[in-house]
Every structure is written in C-alpha cells, then in structure tokens.
Amino acid sequence: MAREKWSGKIGVIMAVAGSAIGLGNFLRFPGQVAQNGGGAFIIPYFISLLLLGLPLMWIEWTIGRFGGGFGHSTAPGMFHSMWEKNRFIKYFGVIGIFGPIVIYLYYVYIESWLLGYSLFALTGRYNACATSEGMVAFLHGYQGIMHNEYFSGLGTAYLFYLITFALNGIVLYYGVRGGIERVCKYGVPVLLLLAIILVVRVFLLGTPDAAQPENNVLNGLGFIWNPDWSALKSSRVWLAAAGQIFFTLSCGIGVILTYASYLNKNDDVALSGLTAAAANEFAEVILGGSLVIPAAFAFFGADAMASIARGGVFNLGFVTMPLILQKLAFGNLFGFAWFMLLFIAGITSSISLGQPAVAFLMDEFNLSRRKAVLIFMAVTFVLTQPAIFFLGRGVVDELDFWGGSFFLVVFATVETILFAWVFGMDRAWTELHAGSDITIPRFYRFIIKYVTPLFLLFILGFWLVEDWLPVMLLKGVSKTDLPFVLGTRLGLVLLFLVLMIMVRQSWKRRKLRRENYAA
Amino acid sequence: MLLSGWLFMGLSWGAILTLFVYCLIRTLGPRK
C-alpha cells in the first residue's frame, strides 16, 4: 500500500495549525492570563514558548518525518527506528496512540455541544436565559445533568453527538489529503475570519451601559494586559504559563508525529513547525485574548470578573459569551459565529486525535483505511458512552487527567530525551535541517539538549507532587462517584494493555515476515 | 488601561504578528 502524503507545505501547516488551535486558545488562555498576573503572565509565557514550545514543535516534526521514512506513522515504530537496540522503547510509544484516543473520547462529545449551540444561537433557543443561572440551567439540561424546562433528557445532546461523531469519521475515512487536509485548508481560514469578526465587534462595544462608564472594553483589555509584577514571584504562575504553552501547541500527544510522518524526506520541517506555532500564537494571544475577557468586563464589570475568570472554560464559552452576544443587535448571528468558530477549532483538533490510531492500524496491521476507520469508530463509539451518560460523575475529569495532562508531559519528556540524548544531538540537528527553509540559531542545540529536558523534568516533578498525586490517590472523589472514576481508570489500564499487546503482535509478525523473506 | 498594559499588549501583538508575517512570507515565497 503506497503511503499517503500531503499535497504540499501549506496543507501540512494548516493541518498542524488546525490541530493546535482548539478551544484552549479562545477559552483557556484568557482565563489563565486574567488569573495569573495579566500582562506580566506574558513574560513566562513567551519564555516557555522559546524554551519549551518551539523546541518540542521541532522535535516532533523531525521525529515524525524521520519515522515516516521507515513507514511508521505512530510513535511505537518511530521510537523503535530511533533506538533499534532497545526492545522496550516501542512500548513507551504506545502513549502516542493511547493519549489521543483518550482525549478523543470526551473531546468529540464536547465538540458536539458546540454544533448544537451554534444552531440554538441561530434559532434563539437559549434567548429566554437572561441570567448566568438561567444559562447554566440550560447547559445542565442539555448535558442531561438535570431535567428542566429547557431539556427533558439527553436526546438532543445525543443527536448532535451522533452527527459530530459521523462527521469526524467521514473526514478520517477520506484520508490525509482528501479529508484532513481539505477540512483544515478551508476550516482554519474560516475560523480565523470568524474570530476576527468577533474581535472587531467586541472592540466596537465601547461602553455598553452609559450609567457605568468604567465598564468598557478598554478597561477590559486593561484587566487582561495590565501587569501585576508580584505574580512573577510565584512559581505557580511560571508553571501555569509553561502548562498553557504545552497544552496549546498540541505537543506531547503524538498527533504532530503522525502528521509529520506524511512528509517527504526532504520536505522542510523547521520553518513549517515555526509557522504552525506562529499561527497558533496569533489565534491565542491576539484573537483569544481579545474576545471573552474584554467583552465580559464591558458587560459585567470588574467585580464579577474574578469569579468569571475562575469559572472555567465551560462557563466562559457556554454561559458568559452567549449571555453577552445575545444582548447585541444581530446577537443570534454573532452567537452562531462564536459557536461555529469553536466547533471548527474543535473538529480540526479532533480529527488529528483520531488519525494516530487509524494510522497505527493501517501501518502496523496492513489494514485498509476503510477497515481501520470502521474499527476506530466502533471502539471509540463504545468507549465514549460512559463520558456521555456519566458526565457529572467524574468520568471526563478522569479521562482528561490521564489523556490530557499526565501522559502528555511523560511522553514529551521521553521523546525529548530520546531525540537529544539517544538519537544524538549531532544526528538530530542534521535531521532537523534536512531540506530546511530556515536555519535555526545554533544556541537551540544547547536548549534542546539541556534546557528543554530539564524544564520538562521539573514540570513533571512539580506537578506530580503538587497536583497529580492527589488525583492519582483519588483524593476528593465522593463516595458516589468513586465506582465511576475507578471503572474509568480500569478501562484506561485495559486500553493501554491492549495497545501494548497489539504493538507486540505487530512486531512479532514483522519479524516473522523478515525471517520468511530471508529464508 | 494603564500605560504598562498598552506596552505589554503592543509588544506581544507586535512580536507575534512579526513572527507570523515573517513565517507566511517565507512559507509562501519562493524556496531558496
């Protein structure tokens, strides 16, 4: 079977940018800035981008293209190609398939809410909710957490889930060039355009209530950008900035490895990686930083901002923004633009989460794309059901912790050490620059070899002690939620084991084939 | 918004826009 390829540089950059630009750019980033020192947060944020984000981007693009040269699109084969003598490194690579699957299980469901809400915005279905409490009740009714006058059950949410799930499957079925590339080539410009339209509208808000002149957009921008210098003394702020960079660039999941594996040996990775990162930063700092927080400040004022910023991404996206937008002229259209923007950001990310598992089945088990996609859809459909029906029981938090936090940092640490120390910095640097359109400054050799791994080990250690151990030890989980959380954890262990066995089987088969060929 | 806020916003936007435009020009332009 001939390997799939991107049609060109723009295609792969759009696909990686589409993967990186997600809900976090528009919802998580502004909340983080507002809570962690405003403008001062940008200092550790940019330092993390230079020392952690860009090196990881280049590492993943290079490993991906290198592994693709050996016919591997996923981390087990790539890691094995880089360290052939080690029998166990391929099992570390399982994280690069496991992580995306786990995130996919809840991400597609959340993405389906955005599709639903974009239609609700157009039809004015949530217009009766004039307060935060009303909008929260609408959301909880939709999620099936409570039965109320808005929704009597999960039926509507499930319908939108089925549509979104099918859309993801169709895109994956059409392949790298015909599906993923095509969706991202149109999707990324459209989502940037929608975001620009909304930013312009927010900037034109001025002072919505003349009786409260201090509640205006400029002060809203001040809320997000005025620096609180004392925040820089807090290690938590520095770690929050590193975390934001880490999560926003789609690094450490394995999806960039898979996307880069469809490049040719002499296609550029240095400039392409930088361009994808720059597009993501444009969407995050410039567009994401100018939407929710300034608009919320202009409407609700300084007193309400602390609780809004702390309220989390779902409240910002599904409660605060629709409340604001429905107060404007053509509010239905702006509401539709907001949710459609997030839906496109979501689907261009979720297809990237699906591709590693599909590629693994195709590469390592010689399955056709059709069969691989069908197996992937059947498995993820079944595994998503607990996230849908036990949403309020801690299932999604558990999935997010392992797939979206813990294994991300572990995986990034392993691949960085593998790249810089096992593969070797000289080979790594040469590989990174093969066919390159730019020359990366030489001091990045030092950064990639010493600074990035140390940075990652520090983050790993700090988060493990401060944040992760309590979650691992199930601290704070209520007795009623415990069976659901434990069940999810058991399911994840089983999924990981199944993937490890599949890797083992695949390598055995490959070895047998080689021996038969030699005989 | 304070002057320092404007400064941070201006510098951040300037840095990102410069990088983004540079990357676009290099990516879309002829390969050296």
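Let me start at the end of chain A. In helix 22 of chain A, five residues are buried: A:Val485, A:Thr488, A:Leu492, A:Leu499 and A:Val503. Look at how the numbers step along. An α-helix has 3.6 residues a turn, so residues three or four places apart point the same way.

What sits over these buried residues? The cover includes helix 4 (75–82), helix 5 (89–92) and helix 6 (95–123) of chain A, together with helix 18 (369–389) and helix 19 (395–422) of chain A. Helix 22 itself runs over residues 482–518, 37 residues in total. From first C-alpha to last, helix 22 reaches 54 Å, close to the 54 Å expected at 1.5 Å a residue.

A word on confidence. This is a predicted model. Chain A has a mean pLDDT of 94, and 100% of its residues reach 70 or more.

Along the principal axes, its C-alpha atoms fill a box of roughly 85 × 50 × 45 Å. Of the 519 residues, 55% count as buried. Take the contacts in chain A between residues at least 6 apart in sequence: 83% of them join residues at least 24 apart.

One residue shows such a pairing. A:Gly187 is found in helix 9 (residues 175–203) of chain A. Is A:Gly187 buried or exposed? Buried, because 23 other C-beta atoms lie within 10 Å, and the cut-off for buried is 20 or more. Setting aside neighbours within four places in sequence, A:Gly187 is in contact with A:Gly18, A:Ile344 and A:Thr348. A:Ile347 is 160 residues away along the chain from A:Gly187, yet their C-alpha atoms are separated by 8.9 Å.

Next, backbone angles. Most residues other than glycine have a negative phi. Two residues here have a positive one. Phi of A:Phe330 is near 55 degrees. A:Phe330 is placed in the loop between helix 16 (313–325) and helix 17 (331–365) of chain A. It counts as exposed, because it has 11 C-beta neighbours inside 10 Å and exposed means 12 or fewer.

The other is A:Leu474, with phi near 60 degrees. That residue lies in the loop between helix 21 (443–472) and helix 22 of chain A, which takes us back to the helix I opened with. A:Leu474 is partly exposed, with 14 other C-beta atoms within 10 Å.

Last, chain B. It has 1 helix and 0 strands. Its C-alpha trace spans about 45 × 10 × 5 Å along the principal axes. Of its 32 residues, 28% are buried.

Methods. Residues numbered from 1 in each chain as written. Chains lettered and ligands numbered in written order. Predicted model: local features only at pLDDT ≥ 70, side-chain atom pairs only at ≥ 80, totals over all residues. Helix = DSSP H or I, 4+ residues; strand = E, 2+ residues; numbered from the N terminus. Expected span 1.5 Å × (residues − 1). Contact = placed C-beta atoms within 7 Å. pLDDT = per-residue confidence, 0-100.
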